[in-house]
Amino acid sequence: MTFAPIDRAGPAVEFWVQVQPRAQRAEVAGSRSDALLVRVTAPPRDGEANEAVLRLLAETLHLPRGSIRIIAGTAQRRKRIRIDGLTSKELLERLAPILHRS
């Protein structure tokens, strides 16, 4: 399986991320199976890692933090992300440098 975001009405896009909390550095590290691999330095407690994932994605994709949210998996390492105002094509274009190096 490969990373494949899904378009939703809005426009909006949804996709899976696999989170590695307490990593040495924060980065979007490519893809793993059908999910985007996201490493954050924050620990997985009190929503710290979740917030770090959302901030990192906003920064990486050059989007406002408010347009990105977790819609499933808030207490899991595998999370479903929704981004409002972006299509899957635009998402893949913004992630191309990262996905091609992994």
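A salt bridge is counted here when a side-chain nitrogen of Lys or Arg lies within 4 Å of a carboxyl oxygen of Asp or Glu. With that in hand, R8, E14, R69, R80, R82 and D84 are linked in a network of salt bridges, and a search of the whole structure finds ten salt bridges.

Some housekeeping first. This is a predicted model, in which local features need pLDDT of at least 70 and side-chain atom pairs count only at pLDDT 80 or more, while totals for chains, interfaces and linings use all residues. Residues are numbered from 1 along each chain as its sequence is written, and side-chain values use heavy atoms, with hydrogens and water left out.

**Salt bridges**

| Pair | N to O distance |
|---|---|
| E27 and R39 | 2.9 Å |
| E51 and R65 | 3.0 Å |
| R82 and D84 | 3.0 Å |

Let us take E27 and R39, which form a salt bridge. E27 lies in strand 3 (residues 27–32) and R39 in strand 4 (residues 35–39), so the pair ties together parts that are twelve residues apart in sequence. Helices (H or I, at least four residues) and strands (E, at least two) are DSSP runs, numbered from the N terminus. Are the two partners buried or exposed? The scale is relative accessible area: buried means under 20%, exposed over 50%, and partly exposed in between, with a 1.4 Å probe and protein chains only. E27 counts as buried at 15%, and R39 is partly exposed at 23%.

The salt bridge of E51 and R65 also links distant parts of the chain, with E51 in helix 1 (residues 48–61) and R65 in the loop between helix 1 and strand 5 (68–72), 14 residues apart. E51 has a relative accessible area of 29% and is partly exposed; R65, at 32%, is partly exposed too.

R82 is buried, at 15% relative accessibility, whereas D84 is partly exposed at 30%.

**Around strand 2**

Which strands pair with strand 2? Two strands pair if DSSP finds at least two bridges between them. Strand 1 (residues 6–8) and strand 2 (residues 12–20) are antiparallel over three bridges, and D7 stands opposite V13. Three residues lie between these strands in their hairpin, where G10 takes a positive phi near 150°.

Strand 6 (residues 78–84) is another antiparallel partner, joined to strand 2 over seven bridges. Strand 4, in contrast, runs parallel to strand 2, with five bridges between them; L36 in strand 4 is the bridge partner of V17.

How covered is strand 2 itself? Seven of its nine residues are buried, so strand 2 counts as mostly covered. In a regular strand the side chains alternate between the two faces of the sheet.

G66 is exposed, with a relative accessible area of 71%. Its C-alpha lies 8.9 Å from that of D84, a residue 18 positions away in sequence.
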